[in-house]
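Please look at the sequence and the structure before reading on.

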Amino acid sequence: MTAKKTTKTKTSAHKPASTQSSSSVGSSTKNSKHSAELWISMLKEMIFYRRFEERVLAAYTQQKFSGFCHLHIGQEGLCVGLQRALDAKDYMISGYRSHTQAIAKGIAPLAVFSELFGKASGCSGGKGGSMHMFSKDKRFYGGHGIVGGQAPIAVGMGWKIRYSKEQHVVVCYLGDAAMNQGQVFEAMNMAAVWQLPVLFVIENNLYGMGTHIGRTTTIGATQQYKRALAFDMDHSQVNGQDVLTVYDHMSKTIKRVRKGVPHLVEALTYRYKGHSVSDPSLYRSKEEVNSYKDDHDPIKTLAKRLQNDGITDEDSIRAWDKEIKAELKSIEAQADKAAPPDKALAYHHVYSQ
Amino acid sequence: MPTMTFREALLDAMHIEMQRDPHVFLMGEEVAEYDGAYKVSKGLYKQFGSMRVVDTPISEAGFAGVGVGAAMAGLRPIIEMMTWNFGIQGFDQIINHAAKMRYMSGGQFDMPLVFRGPNGAAHMLSSQHSQYVEAMLVNIAGLKVVCPSNPADGKGLLASSIRDNNCVIFLESEMMYSHTGDVPKGEYLVPLAKGVIRQQGQDVTLVSWGKALWKVMGYLSDIEKQLGISVEVIDPRTLQPLDIELIANSVRKTHRLVVVEEGWGFASVGSEIAAHITQLCFDDLDAPPFRVSSSFVPMPYAENLEHEVMPQKEDVLGAIKHISYL
Ligand SMILES: Cc1ncc(C[n+]2csc(CCOP(=O)(O)OP(=O)(O)O)c2C)c(N)n1
Ligand SMILES: [Mg+2]
C-alpha cells in the first residue's frame, strides 16, 4: 500500500512551561471567531472538573472508597479543549487517569462518582472503579490500567472506522511515560502504515509515577512529539494549559485525522497532585509545582483573560464555582446512597449469555 | 532474632546478596531514586549506585529481556516487576526466552535470573490489577516459582533464588509487605523446592501458600474450636518444583486434603496438588481432595463483590466440614 503524502505540522511549539518567564498567554479572546458563551462554558467545565476531582480526593481521604485513585487536577485544559473539537460519535480511549475525560465524553458525573463508590449504578456497574470508566453508548472505550495497553486497541477502532467507511476519529490518550511501552510503538506503526484515523494524544505532565520523563528518554522531556518521526507520522505540540489554543489546534488537526491521516499530538501539561492519592511527590520541588499552579493553570489563565477582556468578572466566576460545588455535593450524596451491586452480579458478564 | 517487616526482610536479602556478589544487580521501575513503588529497595540505590540499582522506563517486555541477556552473559539480575500484572508484559521474554535458553542451547547457558514483585489481589483494584500468575507460570518447564508467606521465608527464599542458576519467579504480596516477623540476622538461606509443616495436626491436611496461607493461619483456632478438628498445615513455599512428598506423607496420616489458594482454581496449583495426591494416596484418602479458590471470574472492583469471589473463612471452614463429613 502506498502511504498518502503527509504534511508535518508542528504548531505552537510552546517552550516547556517551566521555562516561560511570565504566565502563559494564549490567543486573546479579542478578534477570535468564537463566542463569549463558548469561552464561558469552557471555563465552567474546567472548574467543574477541578472541583469534581477535589471532591473525589476528599471522599478517598474519608475512606469512602479504596483502590488506586489518579487525579487529573491541573490537566483540565487539554480535556476540555480536545473534547470540544470532537463529534459525539467519535471514539475515545484512555488510561487510568480518566474520571474527567469520561465525563467530558458524555458519561454523567453521577455515574462516574457511583463507579468510584463501587455502586451498581456506576458507569461500569461497580466492577471497574477509578481506573475503569466505560460507556459504549458515549463511545468512551475505557479507562485502562495497563500503561500503553489502550494504544493498539485504539488502532483496532481506527481499523473498524475505515472498514465501515465511517467518518469518525479515535482519540487515544496516553501518558508521557506510556511512550516507553513497546506496544505503543507497534500501534503507531500500524496506524501509520494503514493510514487510520487515530489521534494519539500524549498528556505530557513530565512524570511517569515518580520518574521525570527526561530520565527515561533521550529525545527531550518536552519533545515527545518526535516519537512520530519513527513512522513519518503527522505530529504536533500544543500548550495543554491553554484551553483555547488546544481547541483551535485540535479542531484543525482532527479535520485531517478524519480523512485518515493519523497524528501524534503532544500536549504539555502538569499534574498538581501525586501520581496517585498515596504518592507524596518527593521527587519534585514545591516550587516546581507552585510555578505551574501560579503561572500556568488552565483555569486561572482563561479566567484572567476573560476578565481582562471584560467578558466576565470575579463575582460571576465565584457564583459559578459555588453552584458547581453545591451540585457536586448533591452528586456525591446520591452516589453515597446508591445501592452496591447485588452479589449475584459478581458472576455476570464473564461470558456472553 | 530481630523483628522485621516483610519488605525489610526482602531488602535484607537483596542487600546481603549484592554485597556478597558483585554480579548481582537490581533493575525495575522506580527501584532506584524512588526506593521502590512499595519501598522494598529502600536505600539500595544510595549504597550501590546507578549501575547496580537501575531505574527503567515503563518497558516491561524490554527490561525482562535485558535481564535474560545480562544473565546469559554472566550477570545475576534481579528484575523487579512493580506488580505481576505488569510483569505479564514481560511474559514473552520470561516464557519464550528465559525458561527455554538452557534447554534449547543443549545446556550451555545458565539463567541466574530472578523476577520478583507483588502477585495477586490487593484491595479494590479491579480486574487488571488483581492477577494471580502462579498457575500460569508453574506450567512452564524451565522456571522455578517461589511464594513466601512470612518475612523470614521471604529473606531466606529470596537469597536462595538469587543464588540459584535458574530463572526464578518470586511472588510477593502488596498486602503483606508490612507484616512483621522474626528474621534471622546475616546470611540466611531457605532451600528452594522444600515445603514446611506450619502446624502439626491429625485430621485434615491443609495446603496453602503466600497470602492465602497467612489468612488460613488466622482461622486455625476457630477451626479447632468450632469444628473440633486438628489441621496439619503445609506451606510448600516453592510451587515449582513442588515438594509433593511432604504433602503426600501428611495425607497418609490425616487421610484428608484441602488446598486453599487465592487464585483461580481451573488448572491451578491446587488442582495439580489434588491430582498428585489422588494418584499417590488414593488408598489412603477418606474423602476426595477439596479445593478452595477464587470464583472463576475476573476480579471485580466493588468491595462486596471482591469479598464475594475471594475465598473467605466460611469457605475454608465449609471445606473442612465437607471432607470430614460433618
Ligand atoms: C504496564 C504497566 N507498568 C507499570 C504500571 C504502573 N504504573 C501505573 S501509572 C504509571 C506511570 C505512567 O505515567 P504516564 O504514562 O506518564 O501517565 P500519568 O500517570 O502521568 O498520567 C506506572 C508506572 C502499569 N499500570 N502498567
Ligand atoms: Mg505522565
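## The sheet in chain B

In this predicted model, chain B has an open sheet of five strands, and their order across the sheet is β9-β11-β10-β13-β14. The pairing in this sheet is mixed. Strands β9 (196–199) and β14 (290–294) of chain B stand at the edges; each has a single partner strand, so one side of each is left without a neighbour in the sheet. Direction ignored, neighbouring strands are turned against each other by 25° on average.

Strands β10 (residues 204–208) and β13 (residues 257–264) of chain B run parallel and are joined by four bridges. Within this sheet, Val207(B) has Val259(B) in β13(B) as its bridge partner. Helix α9 (residues 210–227) of chain B packs on the sheet, where it touches β9, β10, β11 (231–235) and β13 of chain B. The direction of helix α9 makes about 170° with that of β11(B).

## The sheet in chain A

Chain A also has an open sheet, formed by six strands in the order β2-β1-β3-β4-β8-β7. Here the pairing is parallel. The edge strands of this sheet are β2 (140–143) and β7 (234–239) of chain A, and each of them pairs on one side only. From one strand to the next, the twist averages 15°.

Which strand of chain A is joined to β1 (residues 91–94) by three bridges? The partner is β3 (residues 170–175) of chain A, and the two strands run parallel. Tyr91(A) has Val170(A) in β3(A) as its bridge partner. Helix α7 (residues 243–258) of chain A lies across β4 (198–204), β7 and β8 (263–268) of chain A. This helix runs at about 165° to β7(A).

In general, the strands of a sheet pair through backbone hydrogen bonds, either parallel or antiparallel.

## The ligand site

Ligand 1 lies between chains A and B. It is surrounded by 22 residues, and the closest are Tyr96(A), Arg97(A), Gly145(A), Asn205(A) and Glu60(B). By class, this shell holds ten nonpolar, eight polar and four charged residues.

An N or O atom in the side chain of Tyr96(A) is 2.6 Å from an oxygen atom of ligand 1. For Asp176(A), an N or O atom of the side chain is 3.0 Å from an oxygen atom of ligand 1. With Gly145(A), a backbone N or O atom lies 2.8 Å from a nitrogen atom of the ligand. On its own, ligand 1 has 590 Å² of accessible area, and the protein covers 97% of that.

Definitions and conventions:
Residues are numbered from 1 along each chain as its sequence is written. Chains are lettered from A and ligands numbered from 1 in the order in which they are written. This is a predicted model: local features need pLDDT of at least 70, side-chain atom pairs count only at pLDDT 80 or more; totals for chains, interfaces and linings use all residues. Side-chain values use heavy atoms; hydrogens and water are left out. A residue is near a molecule or strand if one of its heavy atoms lies within 4 Å of it. A polar contact is a pair of N or O atoms within 3.5 Å; within protein, one must be able to donate a hydrogen and the other to accept it, and residues adjacent in sequence count only if both atoms are side-chain atoms. Accessible areas come from the Shrake-Rupley method with a 1.4 Å probe; for residues, only the protein chains shown count as cover. Ala, Val, Leu, Ile, Met, Phe, Trp, Tyr, Cys and Pro count as nonpolar, Asp, Glu, Lys and Arg as charged, and the others, Gly among them, as polar. Two strands pair if DSSP finds at least two bridges between them. Axes are lines fitted to C-alpha atoms, for helices over the stretch in contact, and angles run from 0 to 180 degrees between N-to-C directions. Contact means heavy atoms within 4.5 Å.
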